[in-house]
Amino acid sequence: MVQAERTALAEDLASLTAEQWQHPTLCSQWDVEQVLAHLTAAASLNQWQWLRSILGARFRPDVHNQRRLAEHRGRTPTETLEHFRAILGSTKAPSGHIAAYLGEVVVHAQDIRQPLGLPRRPGVEALTVVADFFAGRNFTVESGTISAGLQLRADDGTFAAGTGPMVTGSTLALVMGMAGRKPYLDELAGPGLPILRSRMQGGATRPATG
């Protein structure tokens, strides 16, 4: 699933213009090229490499992310895309939480696609794996805090989790909502939606520490 989602994203980015590569994303501090370099970095570190990097950054995730992003960003967007294509089949990850790193790919892919108006959406099967992982826990994103005390139900798949006021919508919108992406709240409904929305007010969207 990780390889399939990476491959789909590479296909979407193959024909971007120079202006599109510099377009803002839902990961507010980074443009399209920077998010892609971050994804390449996340697929290039095993546990010990990640630990060495975060120690070198004195446990400052933003410093760690920026250093690894710079390492994997090319001299041009075309080169950055080539670097990403080189890791499409990578099985490296900082830990054994594979569903979390599948989540890193699908969330950041939509961070790019949604602002650019690219229509492709991740597969529901992959999204369901991510939704199940995100619900009720914090790991690469604060999804457990965001979804606590809410009942989440997908209307296009099998995902269901939690108890409390209900929030319904597509599996994609629920995943992106749990990842803190505010634009996807408009695709959700239910009595729990105002609670979900209130939890996101004023907070900037941050990248995962991949």
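This is a predicted model: local features need pLDDT of at least 70, side-chain atom pairs count only at pLDDT 80 or more; totals for chains, interfaces and linings use all residues.
1. Two strands pair if DSSP finds at least two bridges between them. Strands β1 (residues 151-154) and β3 (residues 166-169) run parallel and are joined by four bridges. Within that pairing, Arg-153 has Thr-168 of β3 opposite it.

2. β1 also pairs with strand β2 (residues 160-161), here in the antiparallel sense and over two bridges. In this pairing Arg-153 stands opposite Ala-160. Five residues separate β1 from β2, and the two strands form a hairpin.

3. Ser-147 belongs to helix α9, which spans residues 143-147. Is Ser-147 buried or exposed? Its relative accessibility is 7%, and because the cut-off for buried is under 20%, Ser-147 counts as buried. Neighbours within four places in sequence aside, Ser-147 contacts Ala-135, Gly-136, Leu-152, Met-178 and Arg-199.

4. How many salt bridges does the model contain? The count is eight. One of them pairs Arg-120 with Glu-11, with 3.2 Å between the closest N and O atoms. Arg-120 sits in the loop between α7 (98-116) and α8 (124-134), whereas Glu-11 is in helix α1 (residues 2-13), so that the pair links distant parts of the chain, 109 residues apart. Both partners are partly exposed: Arg-120 has a relative accessible area of 32%, and Glu-11 one of 48%.

5. A salt bridge also joins Arg-113 and Asp-12, where the closest N and O atoms are 2.6 Å apart. Because Arg-113 is in helix α7 and Asp-12 in helix α1, the pair ties together parts that are 101 residues apart in sequence. Arg-113 counts as buried, at 0% relative accessibility. Asp-12 counts as buried too, at 15%. Glu-11, Asp-12, Arg-113 and Arg-120 are linked in a network of salt bridges.

6. Arg-73 and Glu-33 form a further salt bridge, with the closest N and O atoms 3.2 Å apart. Arg-73 is in the loop between α5 (61-72) and α6 (77-85), and Glu-33 is in helix α3 (residues 32-42); the pair links distant parts of the chain, 40 residues apart. Arg-73 is partly exposed at 32% relative accessibility, whereas Glu-33 is buried, with a relative accessible area of 6%.

7. The second largest pocket holds about 160 Å³ of space. Its lining has 13 residues, and those closest to the centre of the pocket are Val-2, Arg-6, Lys-92, Ala-93 and Tyr-101. Which elements give two or more residues to the lining? They are α1, α3 and α7. The largest share comes from α7, with four residues.

8. By class, the lining of the second largest pocket is made up of eight nonpolar, two polar and three charged residues.

Notes. Residues are numbered from 1 along each chain as its sequence is written. Side-chain values use heavy atoms; hydrogens and water are left out. Buried means under 20% relative accessible area, exposed over 50%, partly exposed in between (1.4 Å probe, protein chains only). Contact means heavy atoms within 4.5 Å. A salt bridge is a side-chain nitrogen of Lys or Arg within 4 Å of a carboxyl oxygen of Asp or Glu. On a 1 Å grid over the protein atoms alone, a cavity is a set of points where a 1.4 Å probe fits but cannot get out, and a pocket is an open set with protein on both sides within 12 Å along at least five of seven lines; lining residues have an atom within 4 Å of a point. Grid points are joined across faces, edges and corners, and a volume is the space filled by probe spheres set on the points. Ala, Val, Leu, Ile, Met, Phe, Trp, Tyr, Cys and Pro count as nonpolar, Asp, Glu, Lys and Arg as charged, and the others, Gly among them, as polar.
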